[in-house]
Amino acid sequence: MAIPGGSARRFAFFLGRPSRSTLCARWPGSPSGVQLRSIPNASMDGHSPRSTSWLHLLARAVLTDEERDTWLSMDAGPRRTAEWLLGRVALKDVVRSWAIQRYERAVAPREMRIETTSAGAPFVACTELDDRGGSPAVSLAHCRTLVLAAAGEPGSGLGVDVEARDRNVATLARVLTPEEAALVSGAERNGVGVLDVLVAKEAAAKALGVGLGGSMARWPVVDAGREGRQVVIRAPEPHRQLVPVDLVRHRGVVVALAKCDLDHL
């Protein structure tokens with residue numbers, strides 16, 4: 001069975017000192033001003049969170065009483081329930097890392113709440129950070145092997161998405177526009193593949209807080225940088241904003257991170 005943090009010793013250390021340690025690992029290649037933290041998606045082992053003690057211990061250390069009640073009452077399968085908890089762990093860890101960097105202030109996991117908008121996007125409720133200048137914008141993503149959270153400038157648009165690089169993309173390629181199909185056909189030259197395009201679109205939609213709206217074609221790639229490190233997505237009406245998306249490939253996954261200025265919407 002997978003243990004969050006990678007080892008029983010690290011997990012036990014975190015449980016004993018949740019206000020002074022983090023469980024998630026720093027993700028390499030983060031752009032300036034953005035924190036990225038990851039944790040293995042231990043939910044893939046299929047164990048039920050209601051019969052697995054480490055999940056209950058983790059919930060007590062990280063969740064507020066209200067969040068824990070929400071977790072315990074979730075009408076979902078074991079994988080989804082565990083994944084929800086790991087998402088809260090990742091979000092709170094990345095916010096805490098960001099707060100130390102920005103405000104030089106250590107915040108305990110239970111001093112903040114992770115809430116969601118009507119569109120399902122997460123945001124942070126933390127009086128301590130709001131009083132110091134604002135809680136960061138956050139975003140959350142997960143794939144079969146990884147849960148990943150991002151934190152950035154308060155009030156900005158921030159979106160992250162992640163997918164395993166060994167995922168079969170044959171079916172997914174059908175949703176590409178002709179221009180995008182031409183782009184990925186030259187992947188050996190520009191470094192941009194089908195999976196890069198799809199995670200970039202997801203990240204851009206999250207950054208604007210609206211979701212894809214059921215059609216990836218409405219979020220076309222209009223430009224690609226060198227070596228497949230960045231693409232630019234054009235958001236659909238009513239936004240029409242160009243959203244740059246950084247691509248980071250590491251440990252068998254591709255991560256897309258989008259940032260935009262919501263004041264210009």
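1. A disulfide here is a pair of cysteine sulfur atoms within 2.5 Å. A search of the whole structure finds zero of them. The model is predicted, so local features need pLDDT of at least 70 and side-chain atom pairs count only at pLDDT 80 or more, while totals for chains, interfaces and linings use all residues. Residues are numbered from 1 along each chain as its sequence is written, and side-chain values use heavy atoms, with hydrogens and water left out.

2. C24 is buried at 0% relative accessibility (buried is under 20% relative accessible area, exposed over 50%, partly exposed in between; 1.4 Å probe, protein chains only). C143 is buried too, at 5%.

3. The whole structure holds two aromatic pairs. Rings of Phe, Tyr and Trp (its six-membered ring) pair if their centres lie within 6.5 Å; planes under 30 degrees apart are stacked, over 60 edge-to-face, the rest tilted.

4. F11 and W54 pair edge-to-face, because their planes stand at 85°, with ring centres 6.4 Å apart. F11 sits in helix 1 (residues 8-16) and W54 in helix 2 (residues 53-62), so the contact ties together parts 43 residues apart in sequence. Helices (H or I, at least four residues) are DSSP runs, numbered from the N terminus. Both F11 and W54 are buried.

5. W98 and Y103 are also edge-to-face, at 5.4 Å centre to centre and 90° between the planes. W98 is buried at 2% relative accessibility. Y103 is buried at 14%.

Technical notes
Helices (H or I, at least four residues) and strands (E, at least two) are DSSP runs, numbered from the N terminus.
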